[in-house]
Amino acid sequence: MSASTPSRIGVVGYGAGGHRFHVPYIQAVEGWELAGVVTRSPQRRAILATEAPGVAAFDSLDALLDSGVDAVVITTPPDTRRELVLQALERGVHVVADKPFAPTAEGARELQAAAARSGRILTAYQNRRWDTDLVTLKQTIDAGSLGEIWRVSSRMDQDDSGTLETGPAHGLLRDLGSHLVDQMAFLFGRVERVSAHLDTATVDGVDVDCGFDVALHHANGVFSRVASSKINHLEGRELIAYGDLGSYESHMDDVQTAQIDAGLRPASAAAATDWGIEAEERWGILHTAAGSTAVPSARGHYSEFYRQFLAAVRGEGPAPVPLEQAVHTVEILDAARESARTGRTVTL
């Protein structure tokens, strides 16, 4: 495929995920042509016509595939995702599966095997590897400012009970937890032991985990902890890293989500200079023997996922989230649920 020829990609599902976290970032990457979106909802088709004029709406994945695409993004609810991922792989296209990549490690390994048989790329949409605060923390660690990293604490509370999903494949741990766990595994590598506590509430007659605190022991000796809540009327983001040279503390906003919700789009000219950049008054602080200094915000940009995915589809680079890493994240989530159930630390 010539680099001058756009690669065609379709999106399956156009709820909050499709129009807030996928389509805007695909549109921001030169080389992708958004070939169509699968949604039957008249209301969502109207939103699509406004946000992506001229992009076709389809009734089914098969209809989208029949139109001719190189890749698809499956961003439907978890209970429908497995069959659609398998269908797309069987039809010979590359696939991005939204998180949670699969409800269990067994299911994740099934999809991994299907991708291997198909010879096509399957990757998980762990876009929060490109969160502004995480990119800034990674740059601070990579610069050696903290020395040897001992431990990291990551908390993201959301006052958003209306979006808590219920059902056997749902819950906050599999939702936001998949991102927070993936961030730590991305920074510090494989996890060997997991201890966890889950908060459980009855929502619409179904028991569901609505908060979590998960401790991760990484193979390289780093200890990390991730926590979140969704129905406790608390909003906030905190990242704290401790090393032998000092500490780093960040309370940045969920920058890109806030920009999307404000009506901005990463492909616009207005976003060229300030997309994914945190306001100076919210910069993280580095504490060392030399004193405390503000660390300028790095640029977070979820479109980097789709830049790397385009390169992978064209045979010019690896998938943005290697499949074995996506499977490992689901293994960690399984271990967290087992730990919360038994009260014991689980070894992977």
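## Helix packing and overall fold: exercises with solutions

Helix H5 (residues 105–118) and helix H10 pack at an angle of about 165 degrees, and their axes lie 8 Å apart. The model in which this packing is found is a predicted one.

**Exercise 1.** Work out how H5 is oriented relative to H10, and describe the contact by residue and by class.

*Solution.* Begin with the packing angle, which is about 165 degrees. Since angles over 145 degrees count as roughly antiparallel, H5 is roughly antiparallel to H10. The handedness comes next: H5 passes H10 in a left-handed crossing. On the H5 side the contact is made by Ala 105, Ala 108, Arg 109, Gln 112 and Ala 115, and on the H10 side by Leu 323, Glu 324, Val 327, Val 330, Glu 331 and Asp 334. Sorted by class, the residues of this contact divide into six nonpolar, one polar and four charged.

**Exercise 2.** Carry out the analysis for helix H6 (residues 132–142) and helix H7 (residues 176–188).

*Solution.* The two helices pack at an angle of about 20 degrees, with their axes 11 Å apart. Because angles under 35 degrees count as roughly parallel, H6 is roughly parallel to H7. The crossing of H6 and H7 is right-handed. From H6, the residues Leu 134, Leu 137, Lys 138 and Ile 141 meet Gln 183, Met 184, Phe 186, Leu 187 and Phe 188 of H7. By class, this contact of H6 with H7 has seven nonpolar residues, one polar and one charged.

**Exercise 3.** Determine where Arg 337 is placed, whether Arg 337 is buried, partly exposed or exposed, and which residues Arg 337 touches beyond its neighbours in sequence.

*Solution.* Arg 337 is located in helix H10 (residues 323–342). Its relative accessible area is 29%, so Arg 337 is partly exposed. Leaving aside residues up to four places away in sequence, Arg 337 touches Leu 173, Arg 174, Leu 198 and Asp 209. For one of these, Arg 174, the C-alpha to C-alpha distance from Arg 337 is 9.7 Å, although the two are 163 residues apart in sequence.

Technical notes:
Residues are numbered from 1 along each chain as its sequence is written. This is a predicted model: local features need pLDDT of at least 70, side-chain atom pairs count only at pLDDT 80 or more; totals for chains, interfaces and linings use all residues. Side-chain values use heavy atoms; hydrogens and water are left out. Axes are lines fitted to C-alpha atoms, for helices over the stretch in contact, and angles run from 0 to 180 degrees between N-to-C directions. Helices (H or I, at least four residues) and strands (E, at least two) are DSSP runs, numbered from the N terminus. Angles under 35 degrees count as roughly parallel, over 145 as roughly antiparallel, 65 to 115 as roughly perpendicular and the rest as oblique. A crossing is left-handed if the near helix is turned anticlockwise from the far one by less than a right angle, and right-handed if clockwise. Contact means heavy atoms within 4.5 Å. Ala, Val, Leu, Ile, Met, Phe, Trp, Tyr, Cys and Pro count as nonpolar, Asp, Glu, Lys and Arg as charged, and the others, Gly among them, as polar. Buried means under 20% relative accessible area, exposed over 50%, partly exposed in between (1.4 Å probe, protein chains only).
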